[in-house]
Amino acid sequence: MNTSFLPKTVRYIILGLILSTQLQFGPLEDEAFVNSVFEDIIPKLVEERDLDGINTHLDQCFTIKSRQKQWLEAYNILVWKVTYAGQFDFYNEYCESLTAVDSFLATHQNDLELSAWEAFRRENKLRKGIYYYESGNWLAAKETCLSLLVEMPGQPQHDDRYWRNLATLNQYLGAIARSEGNYEEAETYYLKGLECQQQFQDLNEQFRRKALSNKYLGDLFLQKRDFKRALTHYETAVSLYSQLVKKGDADQMLTGRNLKGLTTSLLGFSKLNQQMGDFKSALQTLQQAEQTGVLQEDLYQRFGEVYLAQKDTNQASIAFQKALETRQRIFGTKHYKTAETYASIGDLCLQKGQVQQALVQYQQAIIAQCDPFEATDIAQNPEHFSRTFISQALPALFSKKMDALLLLSAQKGTDQAYLHMAWNAAKAAVSVIDSLKSSPTKSDDDKHRLLAESYSVFEKALHIAALIGPTAGPDAFAIMEKSKSIVLLQAFHNANATHIAGIPDAMLDKELSLKYELNTLEDKLELNRDNDSITSELRTRWNKVKSDYQNLIADFRKNNPNYYQLKYAPATISVETVRSELLNDGQAILEYFVGDSSVFALVLSKTDLQFKEIKKTFPLAQMVSDLAESIQGGNPSRPDYTAHFTEKSQQYTALASSVYQAVFEPVASNLPKKIILVPDGVLAYVPFDALLTQPVHTGFGDFKTHPYLMKERAISYAYSISMLLEIKKKQITTEGMLAIAPVFKDYQGSSNTLGQGVQLDSLIYNQSEAQTVRDAIGTGQVLVGAAASKQQFMALAPNFKYVHVATHGIVDQASAYHSFLAFSQNQQNPDSNRLYLRDLYRLRLHAAMVVLSACKTGVGEMKKGEGIISMAYGMFYSGAQSVVMTLWAVDQSSTTEILRNFYQQLTEGNLNKDAALHAAKSQYLDHQKDGMRAHPYFWAAYTPVGDMRKIGTTQPWVLWMVSISGGLLLTWFIWRTRRSRQMPLQENAA
């Protein structure tokens with residue numbers, strides 16, 4: 001009977017009656033009917049995308065198999081219903097079919113073999129995880145997939161079906177991690193998926209999976225903005241999928257998957273071209289993808305993005321409207337893809353000057369991303385981000401809303417309603433970032449990347465706070481704190497959590513060991529990224545260690561919930577807490593934030609809070625770089641010293657005054673004599689003591705008489721105030737001084753770490769220096785010469801309250817983890833005596849103070865938001881409460897004098913550490929008869945960071961002996977230095 005002329009609904013009613021009659025009374029045999037459905041009827045319905053027709057026929061087949069009690073085949077028919085619903089993106093039907101499978105398995109557990117039943121249950125759980133992901137419920141997807149990952153390895157039969165499911169599971173976990181911004185974790189899962197596909201016996205399936213894995217890796221590296229690696233993976237994916245599509249497949253389902261794979265790979269390729277500014281190639285790639293005839297909703301979106309980037313608002317509007325209509329129909333309103341399109345329409349409106357309409361679209365995008373938030377009022381924002389899955393894209397969405405509200409605020413003049421709405425949106429954005437960075441599985445590198453990507457959001461928020469005025473000051477302080485040193489803060493936060501929660505040392509040692517091995521493997525992976533054979537082996541080991549680390553975190557969460565909560569709860573501080581627990585009368589905090597357009601300075605004292613925006617009408621980065629270079633021009637070891645010194649000294653006096661006027665003078669009137677300074681960005685390289693409060697007009701003159709900022713203020717430093725408060729919580733029970741002075745004789749480093757050999761000259765004074773400072777403290781141990789090895793340092797340093805290292809420091813500013821402190825040489829294995837920054841990550845110091853008497857120990861790789869990743873940073877990471885560090889290659893003789901005075905002030909004067917160093921520098925300047933030796937190069941490099949509390953007292957006879965021996969040593973040092981002034985030294989060797 002031909003029913004094609006009838007409406008679909010009527011056709012299905014008639015067809016169902018006919019089939020029902022045939023199945024019960026007609027001559028058509030059951031098997032023939034089922035075969036006909038799968039071989040003839042469903043292929044035609046698939047071409048028409050007629051899911052209702054497919055389901056009608058599958059239901060009849062299911063009835064037959066159920067009546068025959070052929071339960072395995074009945075199960076497979078239900079799975080086909082799930083599969084077709086997924087293929088056509090009918091998510092309601094997909095969910096209903098999953099529920100039907102669950103019900104079937106619950107009813108027929110005893111009718112199936114136990115192993116088969118277990119496999120089916122896991123397969124359906126995997127399908128649920130996929131459904132949750134595709135429907136935008138990423139939190140449920142993550143929980144489902146992670147629980148299944150624990151179950152999967154126990155499955156006894158490892159055939160292609162098993163490996164296919166495990167590969168799929170890892171690929172979706174990778175996609176979820178990527179969406180969270182956990183890129184290292186995502187790469188781990190993707191590569192595990194690649195490993196699974198290598199187990200397939202079916203070579204065609206292996207080929208398909210390889211294509212899919214490369215597509216996912218392309219997406220990952222695109223999101224990380226690693227365009228070179230993204231391009232490689234997209235090219236591979238497109239090539240593989242193109243071969244599959246050209247070859248064809250008898251299975252229509254696989255044909256559809258191949259077309260989808262090719263299309264998504266081309267879409268990624270197009271987005272890569274767009275982000276690189278090649279719009280012509282981006283459009284050509286989209287036109288190629290359009291020929292596949294699938295994923296129209298994503299094609300519309302990508303076309304709109306390219307048109308918008310080209311400012312073709314008409315074409316962009318048409319494309320985005322089509323994308324929105326299609327995505328809403330397929331995914332509904334609560335979906336990340338729907339949110340993406342709403343945000344794009346908002347961008348389009350903003351480009352057309354329709355600010356109010358843009359805000360409406362951004363609000364709809366926020367609603368689509370945040371469950372259960374439903375407020376269409378643009379004044380409203382979600383409050384509880386920790387209760388839902390948070391996408392890495394959400395902070396940028398709030399940033400768009402802030403931009404639009406600021407535009408409206410500017411249009412309204414004195415009406416501040418929109419300005420306050422922008423302020424509320426800013427605080428919501430910071431809250432999102434706070435939740436994202438607290439993820440226990442997010443790697444340190446991913447946290448650094450999150451902070452760097454969020455910097456524009458922080459800057460925008462602080463700009464709004466400055467516009468609002470004093471009432472926004474406390475929140476501005478909190479935002480500045482949240483933008484700084486999150487990895488370092490968490491390291492100290494974790495250490496305090498372990499102490500409070502009483503975690504066994506064995507578990508903590510395991511955690512440190514795994515963390516250290518992860519850092520080491522990541523280093524090696526970066527160094528060998530172009531060597532596939534080495535990388536594959538390293539990645540396999542990295543995967544294993546990462547898995548062990550994640551399992552340990554899961555164990556903490558389950559068995560030590562108090563520790564887990566303490567460790568991963570976002571740390572927050574208030575102005576009141578800082579005033580009561582940190583600040584003294586006559587003391588203030590000066591905290592900076594360096595943005596692209598402005599520098600923000602906040603002054604917090606016991607009674608006042610001032611917040612100021614300083615517009616960057618000056619080239620700050622260049623000024624700071626030139627200032628550092630001009631100060632180091634005071635180094636007398638240069639062959640052309642006299643001419644160079646004169647030139648650079650004149651530059652110094654101009655720059656030291658200019659930098660002071662630019663960033664310090666605007667807040668100077670609000671500052672007392674004692675300051676805790678929290679720098680940011682390039683300001684971390686500035687020796688504030690050496691800034692000049694007044695211009696010097698008479699050349700460089702007598703450096704002893706210059707108006708240094710140090711003469712007016714006593715400054716200590718902190719990475720952040722939150723960290724400083726965490727540091728002060730740590731209980732120090734160790735005693736005594738460990739002083740270390742290695743020896744160097746023709747030390748030639750290996751070339752594979754820094755890219756060139758490193759020659760370290762002998763240090764003349766470090767052994768006497770070590771003995772002197774140990775005597776100043778009165779108790780402890782001195783390691784000199786061959787005994788001053790890295791192994792000894794690692795073994796002994798955790799047992800002492802004070803650690804003094806007098807050695808060479810080598811800095812690699814391109815990659816912080818390759819910087820090191822040098823210990824006594826070992827010709828057979830030079831690296832064994834290099835204390836790398838990463839080595840400090842597995843050390844647990846219990847030191848109230850570490851003094852790094854070496855070159856450039858406060859210099860390293862700059863990571864936006866985190867600060868300078870230096871050897872001093874590493875000492876804090878390992879648990880030191882305070883560090884005295886250097887900002888350039890220091891002079892040995894002046895160093896000895898300043899440090900002798902420093903320890904004398906600490907013990908005899910019983911001063912705080914910052915006050916003791918300030919007094920030591922002042923004493924050095926006062927005693928200089930040669931005005932040239934008062935140049936900042938000789939005294940301003942040393943910088944006190946962290947907890948500045950007193951160290952205690954020492955017996956008077958020790959101080960008397962130290963003073964005499966120090967004076968004799970100093971006389972000899974000065975004579976020796978003047979004698980060897982013309983000897984060239986390594987710029988990066990102390």
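In which helix does Thr-313 lie? Thr-313 lies in helix H15, residues 313–331. The views below all come from a predicted model.

**Figure 1. The chain as a whole.** The chain has 990 residues, and 59% of them are buried. It contains 37 helices and 18 strands. Among contacts with a separation of 6 or more, 72% join residues 24 or more positions apart.

**Figure 2. The largest nonpolar core and a second, separate one.** The largest nonpolar core holds 163 residues. Ile-464, Val-578, Leu-604, Phe-611 and Ile-721 touch the most other members. Helix H19, residues 417–437, gives the most to this core, with 13 residues. A second core is separate and has 120 residues. Its members include Leu-796, Val-811, Met-871 and Val-890. In soluble globular proteins, nonpolar side chains tend to be buried together.

**Figure 3. The surroundings of Val-578.** Val-578 is among the residues of the largest core that touch the most other members. Residues up to four places away in sequence are not counted here. Val-578 touches Phe-477, Ile-573, Leu-583 and Ile-589, among others. Its contacts also include Leu-604, Ile-721 and Leu-725. Of these, Leu-604 and Ile-721 are likewise named among the residues with the most core neighbours.

**Figure 4. Strand S1 and its two partners, S2 and S4.** S1 spans residues 587–594 and is mostly covered, with eight of its eight residues buried. Gln-587, Ile-589, Glu-591 and Phe-593 point one way from the strand. Ala-588, Leu-590, Tyr-592 and Val-594 point the other way. Seven bridges join S1 to strand S2, residues 598–605, and the two run antiparallel. Glu-591 stands opposite Leu-602 in S2. S1 and S2 form a hairpin with three residues between them. Strand S4, residues 674–678, runs parallel to S1 and is joined to it by five bridges. Here Leu-590 has Leu-677 as its bridge partner.

**Figure 5. Helix H28, seen at Ser-657 and Phe-664.** Ser-657 lies in H28, residues 641–668. Its relative accessibility is 7%, so Ser-657 counts as buried. Leaving aside neighbours within four places in sequence, Ser-657 is in contact with Leu-692, Gln-694 and Pro-695. Phe-664 also lies in H28. Phe-664 has 0% relative accessibility and so counts as buried.

**Figure 6. Aromatic pairs.** The whole structure contains 30 aromatic pairs. In one of them, the ring centres of Phe-664 and Phe-688 are 6.4 Å apart, with planes at 50 degrees, so the pair is tilted. Phe-664 is in H28 and Phe-688 in the loop between S4 and strand S5 (714–717), so the pair ties together parts 24 residues apart in sequence. Phe-688, at 0% relative accessibility, counts as buried. The rings of Phe-793 and Phe-823 also form a tilted pair, because their planes are at 40 degrees, with centres 5.5 Å apart. Phe-793 lies in helix H32 (residues 790–796) and Phe-823 in the loop between strands S12 (820–822) and S13 (834–836), so this pair ties together parts 30 residues apart in sequence. Both Phe-793 and Phe-823 are buried. Elsewhere, ring pairs link Phe-62, Trp-71, Tyr-75, Phe-104 and Phe-120 into a cluster.

Figure 7. H34 spans residues 871–878; eight of its eight residues are buried, so the helix is largely enclosed by the rest of the structure. Among the buried residues are Met-871, Tyr-873, Phe-876 and Tyr-877. Met-871 also belongs to the second core. At the start of H34, a side-chain oxygen of Ser-870 reaches to within 3.3 Å of the backbone nitrogen of Ala-872. Just after the helix, Gly-879 takes a positive phi of about 125 degrees.

**Figure 8. Strands S17 and S18.** S17 (residues 882–886) and S18 run antiparallel and are joined by five bridges. Thr-886 stands opposite Tyr-942 in S18. Five of the five residues of S18 (residues 942–946) are buried, so S18 is largely enclosed by the rest of the structure.

Notes. Residues are numbered from 1 along each chain as its sequence is written. This is a predicted model: local features need pLDDT of at least 70, side-chain atom pairs count only at pLDDT 80 or more; totals for chains, interfaces and linings use all residues. Side-chain values use heavy atoms; hydrogens and water are left out. Buried means under 20% relative accessible area, exposed over 50%, partly exposed in between (1.4 Å probe, protein chains only). Helices (H or I, at least four residues) and strands (E, at least two) are DSSP runs, numbered from the N terminus. Two strands pair if DSSP finds at least two bridges between them. A nonpolar core is a set of buried Ala, Val, Leu, Ile, Met, Phe, Trp, Tyr and Cys residues joined through side-chain atoms within 4.5 Å. Contact means heavy atoms within 4.5 Å. A polar contact is a pair of N or O atoms within 3.5 Å; within protein, one must be able to donate a hydrogen and the other to accept it, and residues adjacent in sequence count only if both atoms are side-chain atoms. Rings of Phe, Tyr and Trp (its six-membered ring) pair if their centres lie within 6.5 Å; planes under 30 degrees apart count as stacked, over 60 as edge-to-face and the rest as tilted.
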